[in-house]
Amino acid sequence: SRAREVPRFTTRRGRRLAALRRSVWLRYVLVPGLTDDLGDIAKIAGFAASLGNVERVDVLPFHQMGRFKWKSLGLEYKLDDVQPPSAEAVERIASRL
């Protein structure tokens, strides 16, 4: 996969909160094969570090608990075959953020 830019809305909001000296929490959903690109994570970590107001970082492992909602609505659930990340993968990503 290729690294993507941090979304502009996220960067604007983050900078605004930093300028207001408001503490924020970074919550990152780790989806294997989708949000585990180390280049993306490095960009997010760099951005978060540049703000100076990130008080806490949580890495939230992907899970399948919402799958039934998609199926009950008759919608295609594109993450059906995705397995939750291992505890080691979550720790590895958390250490980079």
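1. Start with Arg-22, which you'll find in the loop between α1 (8-19) and β1 (24-30). Keep in mind as you look that this is a predicted model. Arg-22 belongs to a patch of positive charge on the surface, together with Arg-8, Arg-12, Arg-13 and Arg-16.

2. Now look at Arg-21, which also has its place in the loop between α1 and β1. Its phi is positive, about 60°, although Arg-21 is not a glycine. Is Arg-21 buried or exposed? With a relative accessibility of 76%, Arg-21 counts as exposed, because the cut-off for that label is over 50%.

3. Next, zoom out to the whole chain. You can pick out four helices and two strands. What order do they come in, going from the N terminus? The elements run α-β-α-β-α-α.

4. How far does the chain stretch along its principal axes? The C-alpha trace spans about 45 × 30 × 25 Å. As for how the chain touches itself, take the contacts with a separation of 6 or more: 74% of them come from residues 24 or more positions apart.

5. The chain has 97 residues, and 30% of them count as buried.

Note on methods: Residues numbered from 1 in each chain as written. Predicted model: local features only at pLDDT ≥ 70, side-chain atom pairs only at ≥ 80, totals over all residues. Heavy atoms only, no water. Buried < 20%, exposed > 50% of the residue type's maximum accessible area, 1.4 Å probe, protein only. Contact = heavy atoms within 4.5 Å. Patch = residues over 30% accessible without salt bridge, like charges linked within 9 Å, V, L, I, M, F, W, Y side chains within 5 Å. Areas by Shrake-Rupley, 256 points an atom, 1.4 Å probe, with all protein chains shown as cover. Salt bridge = Lys/Arg side-chain N within 4 Å of Asp/Glu carboxyl O. Lys, Arg positive; Asp, Glu negative; His and termini not counted. Charge placed at Lys NZ, Arg CZ, Asp CG, Glu CD.
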